[in-house]
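Subject: A structure for you to look at

Hello,

I am handing over a structure that you have not seen before. Please open it alongside this email and follow along.

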Amino acid sequence: MNKTIALVVTVRNQEQEIRPFYECVLRQKRPPDEIWFADAESTDESREILKKLEESDARVHVVRTEHANLSRARNLVLERVGTDLLVFPRLSDRLAPGYLRDLAHVMENDGDFDMVASGYAEITSGGKVISTCKDLSGVISWKKMLGHCFSNRGMKTGLWNKMLRRDLIEREQLSFCEDLEDGGDVLFLTAYSAHVRKVQLLPQCLYGHVYDPLGIRERIREERRRIKEQALHMQKHYETIRTIRRELRVRKALSDWKAMGRVHAILKETGALREVPSFHSYKARKARRLLWATQRMKQEYKAERKEAMACLHSKALAVVKDRNLSGLHRLSVVVSGFSPRLGLCFAKLRKGRR
């Protein structure tokens, strides 16, 4: 039985990426029934471009918010979309021609599947492949799927390479947390997965994910545009850009850490915390990033740093007890609890010894 598909894409000052993504959608062997662009208060030419697409293509729908909140924009789309299946790609990423066809094929042939995910390739903005993740495949439980997502080289915690059911979202009254600036994807994915029956992992690299380790590329670009509009020169005001970059890293790290607390509560409530051991490593990485980001503001974020330090200490004790890991790895985790910079040095040294 054929099911209808909708793409839900967030837009915020990304005028140069709308057309390439739309052309990528047009090349799909299984075209989507609806294309929803959630515009989070763009101030560039994005609105005009989306308006032209909406007028030329009946499948395109644009929802605009009064605040630059991507989660709010997605929730507005969820209130209006009427298809059976949902996909949440990133505007800067690229889809293989068979992406929607292969994912929908699994969901249509077996009604017990509530989620299907594909392999992906991490690419540069120019399309060069950095690494691939295509070794995971088969039918697994939602707990094992989350274990893959939280692992360092797994399926990732984003929604971009996964297909979800709209009826499950409506039945469980799920929505994106609007008070989180970052970390909303992993929180929504965890809440959705807790109600999933079966998950299918496809090994094919059907999705091209633009590598952005800090996840703040678009926002740094926005701030640079704002500074240029104020007639400031980049070379003369390097410290201004540096301060903005630091503030964005702190905001992202704090939001991610707040999301980790809520994810931890969901896993504990569903009894899956022990069955998803990779979550503790994932949370420890977020704790390290929080400590690194707030290194110069220890007094201002004293409570958050104390929680992150406790997380790293507990992780360090667990790693020390595991005799299968290398000595450098154990040492890097332990040292990170006292000095993030020193722990990073040990981690780099361990990577060099591989």
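Below are some notes on what was found in it.

First, some background: this is a predicted model, in which local features need pLDDT of at least 70, side-chain atom pairs count only at pLDDT 80 or more, and totals for chains, interfaces and linings use all residues. Residues are numbered from 1 along each chain as its sequence is written, and side-chain values use heavy atoms, with hydrogens and water left out.

Let's begin with two single residues. L53 sits in helix α2, residues 46-56 (helices are DSSP runs of H or I with at least four residues, strands are runs of E with at least two, and both are numbered from the N terminus). L53 counts as buried because its relative accessibility is 1%; buried means under 20% relative accessible area, exposed over 50% and partly exposed in between, using a 1.4 Å probe and protein chains only. Apart from neighbours within four places in sequence, L53 is in contact with I18, R19, Y22 and V60 (contact means heavy atoms within 4.5 Å). Y22 lies 31 residues from L53 along the chain, and their C-alpha atoms are separated by 8.9 Å.

The other residue is E122, in strand β6. With a relative accessible area of 7%, E122 is buried too. Leaving out residues up to four places away in sequence, E122 touches K128, V129, I130, S131, K156, H209 and Y211.

In α4 (residues 99-109), Y99, L100, L103, A104, V106, M107 and E108 are buried. Among the elements covering them are β1 (5-11), β4 (85-87), β6 (113-123) and β10 (198-210).

Finally, a helix pair. Helix α5 (residues 142-150) packs against helix α10 (residues 278-293) at an angle of about 30 degrees, with the axes 8 Å apart; axes are lines fitted to C-alpha atoms, for helices over the stretch in contact, and angles run from 0 to 180 degrees between N-to-C directions. The two helices are therefore roughly parallel to each other (the term covers angles under 35 degrees). The contact is made by L146, G147 and F150 of α5 together with S278, F279, Y282 and R285 of α10.

Enjoy exploring it!

Best wishes

Methods:
Angles under 35 degrees count as roughly parallel, over 145 as roughly antiparallel, 65 to 115 as roughly perpendicular and the rest as oblique.
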